[in-house]
Amino acid sequence: MATYDLVVIGTGPGGYVCAVRASQLGMKVAVVEKNATLGGTCLNVGCMPSKALLHASEMFEEAGHSFAKMGVSVSSPKLDLPSMMNFKQQGIDGNVKGVEFLMKKNKIDVLKGTGKILGTGKVEVSADGKSQVVETKNIVIATGSDIARLKGIEIDEKRIVSSTGALSLEKVPGRLLVIGAGVIGLELGSVWRRLGSEVMVVEFLDRILPGMDGEIAKQFQRILEKQGFAFKLGSKVTGVEANSKALLAKIEPAAGGAAETIEADVVLVCIGRTPYTDGLGLKEAGVALDPRGRIQIDPHFATSLKGVYAIGDVVAGPMLAHKAEDEGVAVAEIIAGQAGHVNYDVIPGVVYTTPEVSSVGKTEEELKQAGTAYTVGKFPFTANGRSKVNQTTDGFVKILADAKTDRVLGVHIIGIEAGEMIHEACVLMEFGGSAEDLARTCHAHPTRSEAVKEAALAVGKRAIHM
Ligand code: FAD
Ligand code: NAI
């Protein structure tokens with residue numbers, strides 16, 4: 001019987017990163033994966049394929065709409081969807097191979113099959129009707145999440161799809177109805193709108209992107225509407241019927257009232273994700289869940305069963321790949337006797353649309369609710385030289401700082417490249433920096449990042465270019 005220092009169940013960004021770090025720290029490690037390929041949701045049906053399609057569809061739209069005004073004359077671009085899907089698949093394959101390489105390089109055993117915890121130190125791995133039991137000093141559960149379903153709406157991944165089906169549609173739907181104005185709805189809605197779909201988004205709440213700063217979300221909604229998105233906020237889909245020609249979605253006001261029917265060719269259900277623990281044998285083994293079905297952990301990622309830890313989407317916190325990765329590193333270090341930790345106050349979030357939206361730290365709504373006195377500095381890209389010459393002036397940078405100490409508490413950006421620009425704010429906040437620190441840091445000219453410096457100057461009411 002094989003024995004290990006650590007067995008990690010699941011090879012998404014949480015699991016494979018944890019395995020690599022543990023191997024670096026001298027542990028004998030195995031990963032267990034039930035999927036045919038490594039990399040989890042993120043690499044196979046999440047972050048990476050969605051970003052490949054976002055990139056390709058953005059290029060398609062740019063070629064059709066933006067090239068001419070820059071004096072680049074091209075004939076009207078034609079969509080070759082199978083080739084675009086092939087581009088996406090090449091991206092997936094490249095990244096999956098990269099994880100396989102990392103497993104080999106770090107001498108990590110890959111056990112293909114479904115992992116089940118039999119108790120402290122014992123994992124059963126089953127595949128194709130055969131099973132083996134491996135012994136290990138420690139177990140990390142990194143089994144991720146699954147799509148949340150809507151009662152009465154059956155996902156067939158052809159006409160009524162989750163994000164997985166929406167990443168592989170065989171033709172551009174004439175009318176795409178998106179249920180849920182969260183990250184998936186707006187990213188994948190953008191992909192198909194750019195490729196030609198009419199997109200309507202139905203959202204239960206009276207705003208899009210709950211959790212993001214309200215002012216940013218409002219401006220984002222206006223920009224998306226200009227691009228052609230239609231929103232039905234404060235509404236819920238109560239059922240979808242299919243006939244041979246179309247899907248008929250029944251939509252009601254969230255507060256109750258008269259229902260209306262909207263026709264669509266494809267319906268995308270993206271109302272969140274749920275922790276995935278099927279087949280792990282947690283109940284029998286004595287691993288406790290919280291009331292929302294997530295694995296319960298203490299501040300050191302330890303579950304209720306000795307020697308068993310959990311990280312990533314299957315535990316509380318934002319369901320983000322980089323949060324899972326950082327937890328993977330931290331738990332490996334803790335198991336090795338080091339002081340691994342994750343700073344949950346500084347986890348960036350990015351929506352990879354055009355423009356992008358990025359955020360780190362507190363929103364204005366959260367500061368108000370906590371009764372924290374704060375100052376705001378804002379700077380629009382219309383006043384940023386680089387954005388002006390590129391004619392990409394949508395959006396602004398918003399910095400929230402403590403009114404007494406000037407410590408930066410939150411940074412929110414909407415604009416082209418916002419996802420790259422957020423990281424100087426992350427570093428600043430990780431070091432407890434102030435708006436003054438940011439304002440006094442030299443920024444290269446001409447860059448869009450100068451807008452971040454100007455927003456920091458605006459906290460002290462001394463922006464130069466406004
Ligand atoms: P996962 O990546 O879900 O991996 C879990 C793995 O465990 C899977 O491979 C699964 O097969 C395996 N597994 C489960 N049970 C068992 C078992 N019993 N035995 C063996 N193996 C098992 N996040 C971002 O940060 N940025 C993005 O841009 C982004 N885009 C996304 C786009 C989409 C469409 C979706 C759906 C998600 C996106 N996410 C994004 C979220 C991101 O994918 C997750 O936060 C991340 O994958 C979580 O990592 P994880 O390691 O916890 O789990
Ligand atoms: P989400 O939680 O971001 O958004 C779901 C939306 O659906 C919310 O606005 C919610 O109010 C709404 N909703 C819930 N029930 C509804 C109903 N019955 N009718 C209408 N609206 C309803 O979830 P989403 O978009 O499914 O994404 C899942 C997870 O994947 C997210 O937690 C996110 O962290 C992760 N993800 C991250 C990405 C990124 O970092 N760029 C990209 C895609 C996904």
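This is a predicted model: local features need pLDDT of at least 70, side-chain atom pairs count only at pLDDT 80 or more; totals for chains, interfaces and linings use all residues.
Ligand 1 is surrounded by 36 residues, and ligand 2 by 26. The UniProt record, an unreviewed entry, carries an "active site" annotation at His445.

**Around ligand 1**

- Five glycines are the closest of the 36 surrounding residues: Gly10, Gly12, Gly40, Gly144 and Gly312.
- Several elements give two or more residues to this shell, namely the helices α1 (13–24), α2 (40–45), α3 (47–65) and α9 (321–335), together with the strands β2 (29–33) and β4 (114–119).
- Sorted by class, the shell of ligand 1 holds 19 polar, 14 nonpolar and 3 charged residues.

**Strand β2, a contributor to that shell**

- β2 is largely enclosed by the rest of the structure, because 5 of its 5 residues are buried.
- Val29, Val31 and Glu33 point one way from β2, while Ala30 and Val32 point the other way; all are buried.
- As background, side chains in a regular strand alternate between the two faces of the sheet.
- Strand β1 (residues 3–9) runs parallel to β2, and 4 bridges join the two.
- Within this pair, Val7 has Ala30 of β2 as its bridge partner.

**Around ligand 2**

- Among the 26 residues here, the closest are Gly180, Gly182, Ile184, Phe204 and Ile271.
- Helix α6 (183–194), β12 and β18 (349–351) each give two or more residues to the shell of ligand 2.
- The most comes from α6, which supplies 4 residues.

**The three-stranded sheet**

- β12, which also lines ligand 2, belongs to an open sheet of 3 strands in the order β12-β13-β14, with antiparallel pairing.
- β12 (235–242) and β14 (260–264) are the edge strands, and each pairs on one side only.
- From one strand to the next, the twist averages 30 degrees.
- Between β12 and β13 (residues 247–253) there are 7 bridges in the antiparallel sense.
- Lys236 stands opposite Glu252 of β13.
- In general terms, the strands of a sheet pair through backbone hydrogen bonds, either parallel or antiparallel.

- β18, another element in the shell of ligand 2, is part of an open sheet of 5 strands with antiparallel pairing, ordered β18-β19-β22-β21-β20.
- The edges are β18 and β20 (374–380); each has a single partner strand, so one side of each is left without a neighbour in the sheet.
- Ignoring direction, neighbouring strands in this sheet are turned by 10 degrees against each other on average.
- The antiparallel strands β18 and β19 (residues 356–361) are joined by 3 bridges.
- One of the residue pairs to look for is Val351 with its bridge partner Val357 in β19.
- Helix α7 (residues 214–227) packs on this sheet and touches β19, β21 (396–402) and β22 (408–415).
- The direction of α7 makes about 0 degrees with that of β22.

**The annotated residue**

- Where does His445 sit? His445 is in the loop between α14 (435–439) and α15 (450–459).
- Is His445 buried or exposed? His445 counts as exposed, because it has 10 C-beta neighbours inside 10 Å, and 12 or fewer is the cut-off for that class.
- The "active site" label on His445 comes from the UniProt annotation, and such annotations may be inferred rather than shown by experiment.

Terms used. Residues are numbered from 1 along each chain as its sequence is written. Chains are lettered from A and ligands numbered from 1 in the order in which they are written. A residue is near a molecule or strand if its C-beta atom, placed from the backbone, lies within 6 Å of it. Ala, Val, Leu, Ile, Met, Phe, Trp, Tyr, Cys and Pro count as nonpolar, Asp, Glu, Lys and Arg as charged, and the others, Gly among them, as polar. Two strands pair if DSSP finds at least two bridges between them. Axes are lines fitted to C-alpha atoms, for helices over the stretch in contact, and angles run from 0 to 180 degrees between N-to-C directions. Two residues are in contact if their C-beta atoms, placed from the backbone, lie within 7 Å. A residue is buried if 20 or more other C-beta atoms lie within 10 Å of its own, exposed if 12 or fewer, and partly exposed in between; C-beta atoms are placed from the backbone.
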